[in-house]
Amino acid sequence: MQLLQNLIQSISGQLLPTACIICKQFQAANVCNSCLQRLYHDSLLNYECCYQCATPLQSAELSSGRCNSCDRQTPAFDQTVCLDRYDGTLQEALHQLKYQKRHSFAHGLSDVWNTLLASTIDDQSIDYLVPVPLSQKKLLTRGFNQSWELARRIQCGKHIQKLAFTLKRFHDIEQQAGKNFSARQQDIHGMFYIDAKDVPLLKGKSVVVFDDVMTTGATLNEIARTLKMIGVTWVGNWVLLRTTKLMP
Ligand SMILES: [Zn+2]
Ligand SMILES: [Zn+2]
């Protein structure tokens, strides 16, 4: 049976070549080897980043492993793992997924995550993975939640249960773009909640929140605060792309 599957995959790979999501060259995989190599050498993975918020560290911060911003105002989340910076080579592919609704890019982006990052994450103590939910309005416009489309395809320990609908969101009051951390924090306070039937499930557990983009960290901070309020003991973030400006 495996032989047959391999044969079919091989034939379809020849007959139906795909385009690399980064360089657009036609070849067999969603991301070509040279783009993967380039990402491997250039991405945020090569920088010493704050273990808590994943922003690249200044030289004075290297010894503690944590940035001054997290020292001054400790976020509610405990750890952040990020694949690359927002203005790097994957931004366009993410836009193709989000704004052009091209689902093949979810495969490609999760392939990059799985190839470059998945095996380096210590996920032994993590129990659940939840995506950042979209507002009702955005979900209706877009038709899918890009964070879930990525999260469901990324590889992680089999003991981790992925819960698509546990974390929920009240309607958005205002668009957040362009606002600083404090303004965003105020806007977003109380915006998330946990499905009542899942509250006992999460109590005393470790939860990872998956987001496609992290900017100021206000959204992920509010989600972590919400999760900890219902008794979650540890909250981590897995993020595809992150803006690398220091949090104010
Ligand atoms: Zn390529
Ligand atoms: Zn930090």
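This is a predicted model: local features need pLDDT of at least 70, side-chain atom pairs count only at pLDDT 80 or more; totals for chains, interfaces and linings use all residues.
Start by selecting the 5 strands of the open sheet, in the order β3-β9-β8-β4-β5. Their pairing is parallel. Now look at the edges, where β3 and β5 (161-162) stand. Each has a single partner strand, so one side of each is left without a neighbour in the sheet.

**Strand β9.** Next, select residues 234-242, which make up β9. Is this strand enclosed or open to the outside? Of its 9 residues, 8 are buried, so the rest of the structure largely encloses the strand.

**Partners of β9.** Find Thr80, which stands opposite Asn237 of β9. Follow the chain onward from β8: helix α10 (residues 218-229) carries it across to β9. This β-α-β crossover is right-handed.

Move to strand β4, residues 128-131. It runs parallel to β5, and 2 bridges join the two strands. Select Tyr128 to see Gln161 of β5 opposite.

**The core.** Finish with the largest nonpolar core, which has 58 residues. Which of them touch the most other members? They are Leu109, Val207 and Val209. Center on Val207. Leaving out residues up to four places away in sequence, Val207 touches Asp127, Tyr128, Val130, Leu202, Leu227, Val232 and Val235.

Technical notes: Residues are numbered from 1 along each chain as its sequence is written. Chains are lettered from A and ligands numbered from 1 in the order in which they are written. A residue is buried if 20 or more other C-beta atoms lie within 10 Å of its own, exposed if 12 or fewer, and partly exposed in between; C-beta atoms are placed from the backbone. Helices (H or I, at least four residues) and strands (E, at least two) are DSSP runs, numbered from the N terminus. Two strands pair if DSSP finds at least two bridges between them. A crossover is right-handed if, with the strands pointing away from the viewer, the path from the first strand over the helix to the second runs clockwise. A nonpolar core is a set of buried Ala, Val, Leu, Ile, Met, Phe, Trp, Tyr and Cys residues joined through C-beta atoms within 7 Å. Two residues are in contact if their C-beta atoms, placed from the backbone, lie within 7 Å.
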